[in-house]
Amino acid sequence: MQKMKVGIIGATGMVGQRFLTLLDGHPYFEVSVLAASARSAGVTYEEAVGNRWKMSTPIPEAFRKMQVLDAANVEEVSSRCSFVFCAVNMKKDEIKAMEEAYAKAETPVVSNNSANRWTPDVPMVIPEINDSHLEVIEAQRKRLGTKRGFIAVKPNCSIQSYVPMLTPLLKFGIEEVVATTYQAISGAGKTFNEWPEMIDNVIPYIGGEEEKSEQEPLRVWGHVENGEIVKADAPRITTQCIRVPVSDGHTAAVFVKFRNKPTKEEILDAWKNFSGKPQALELPHAPKQFITYFEEDARPQARLDRDLEGGMGVSAGRLREDILFDYKFVGLSHNTLRGAAGGAVLIAELLYREGYFN
């Protein structure tokens, strides 16, 4: 099978680095172009990254000597690939303009950025949950005046630690959710060497994160209507988002109130049997078991369980009844794999198999 050529915009950042480790030897895709800001352009990838390589494994050999292009040169980057992943650190209006420029150049964009998450005709997808939202791409192409080009995005990393567990329980009429997320420092693109203030510390604020954590689940649970995504109007969700001294892995403490309270056995059964289109299609980065429940009181733990199913599975534990709400549980997801680059790669695999890149 001939592989599809792909570009990575923002290749020198932490999420861009993660993309490289995931796409090295990928069965569908071949990285043909690396792009970043103008200050990184014109040198090899190895030179551009320098001492800022943050992955636990070395830079894949295939990319060390690849020349980095200027991401602002849309025509040159687009001429070398069939679609792009985008993970850049820019102002939101600049990101929106760049992603739309690539789409209008007939180069589909699979974005890790938040800039287009609320654009009405841009699908924001967790592939196991709302793959049906991809149908809105047809309306987006009409708006952009494109035949191939479009933008698809992944949601915020924090919601991946509880939305997968809540989704199969929606049938019981979830009315209220309280979630506190304990978020790893890699979610800020940092390591402990770069952020010594986080050692032996907890910061009870992450800018903009609580609004995303409360609102983005409703968009994921929404529906397509007249060429736009209409967000769900329930359940009510309130969150607190806290930065903790963990390298990778976002943990969530969740409280849920139901209209029709299920039994604990019904919840566990719903989690065990929940799967989606990625599992049906056996996509390369699809976890075989999407949700894993741990019976042990002290699980899931970030260090022990974040790499479950190659970092693409999510896990839950400590499900029990609550005196104020109906149930409470703990969730965990790998924030730079399932929550960032891995989630975007899974979206791209789904788009590829469903023919959206044709």
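This is a predicted model: local features need pLDDT of at least 70, side-chain atom pairs count only at pLDDT 80 or more; totals for chains, interfaces and linings use all residues.
Which element gives the most to the lining of the largest cavity? That element is α13, with three residues, and the cavity concerned has a volume of about 30 Å³.

**The six-stranded sheet**

- Six strands make up an open sheet of mixed pairing, and their order across the sheet is β10-β7-β11-β14-β13-β12.
- At the edges of this sheet stand β10, covering residues 236-243, and β12, covering residues 291-294, each of which pairs on one side only.
- On average, and with direction ignored, neighbouring strands of the sheet are turned by 20° against each other.
- Strands of a sheet pair through backbone hydrogen bonds, in either a parallel or an antiparallel manner.
- Strand β7 (residues 174-183) and strand β11 (residues 250-258) run antiparallel and are joined by eight bridges, and V178 has F255 of β11 standing opposite to it.
- Helix α9, made of residues 209-220, lies across β7 and β10, and its direction is at about 140° to that of β10.

**The largest pocket**

- The largest pocket holds about 1300 Å³ of space, and among its 46 lining residues the closest to the centre are A87, V88, N89, M90 and N113.
- Four helices, namely α1 (14-23), α5 (92-104), α9 and α13 (337-353), each contribute at least two residues to the lining of the largest pocket, so that α9, which lies across β7 and β10, also takes part in this lining.- By class, the lining of the largest pocket comprises 15 nonpolar, 20 polar and 11 charged residues.

**The second largest pocket**

- A volume of about 320 Å³ is found for the second largest pocket, which is lined by 17 residues, with R18, K54, M55, S56 and D248 the closest to its centre.
- The lining of the second largest pocket is made up of four nonpolar, seven polar and six charged residues.

**The cavity**

- The count of cavities of 30 Å³ or more comes to one.
- The lining of the largest cavity consists of V125, I126, P127, K154, P155, Q160, R338, G343 and I347, which divide by class into five nonpolar, two polar and two charged residues.
- Helix α13 supplies three residues to the lining of the largest cavity, and α13 is also one of the elements that supply at least two residues to the lining of the largest pocket.

**Salt bridges**

- Side chains of opposite charge can pair when their charged atoms come close.
- In the whole structure, a search finds 19 salt bridges, one of which joins E194 to K54, with the closest N and O atoms 3.3 Å apart.
- Because E194 lies in the loop between β7 and α9, and K54 in the loop between α2 (45-49) and α3 (61-64), this pair ties together parts that are 140 residues apart in sequence.
- K54 is also among the residues closest to the centre of the second largest pocket.

**Backbone details**

- Most peptide bonds are trans, and most residues other than glycine have a negative phi.
- A cis peptide bond, with omega near 5°, leads from A234 to P235, and P235 is placed in the loop between β9 (228-230) and β10.
- The peptide bond from R299 to P300 is likewise cis, with omega near 5°, and P300 belongs to the loop between β12 and α12 (302-305).
- N226, a residue other than glycine, has a positive phi, near 55°, and is located in the loop between β8 (223-225) and β9.

Conventions
Residues are numbered from 1 along each chain as its sequence is written. Side-chain values use heavy atoms; hydrogens and water are left out. Two strands pair if DSSP finds at least two bridges between them. Axes are lines fitted to C-alpha atoms, for helices over the stretch in contact, and angles run from 0 to 180 degrees between N-to-C directions. Contact means heavy atoms within 4.5 Å. On a 1 Å grid over the protein atoms alone, a cavity is a set of points where a 1.4 Å probe fits but cannot get out, and a pocket is an open set with protein on both sides within 12 Å along at least five of seven lines; lining residues have an atom within 4 Å of a point. Grid points are joined across faces, edges and corners, and a volume is the space filled by probe spheres set on the points. Ala, Val, Leu, Ile, Met, Phe, Trp, Tyr, Cys and Pro count as nonpolar, Asp, Glu, Lys and Arg as charged, and the others, Gly among them, as polar. A salt bridge is a side-chain nitrogen of Lys or Arg within 4 Å of a carboxyl oxygen of Asp or Glu.
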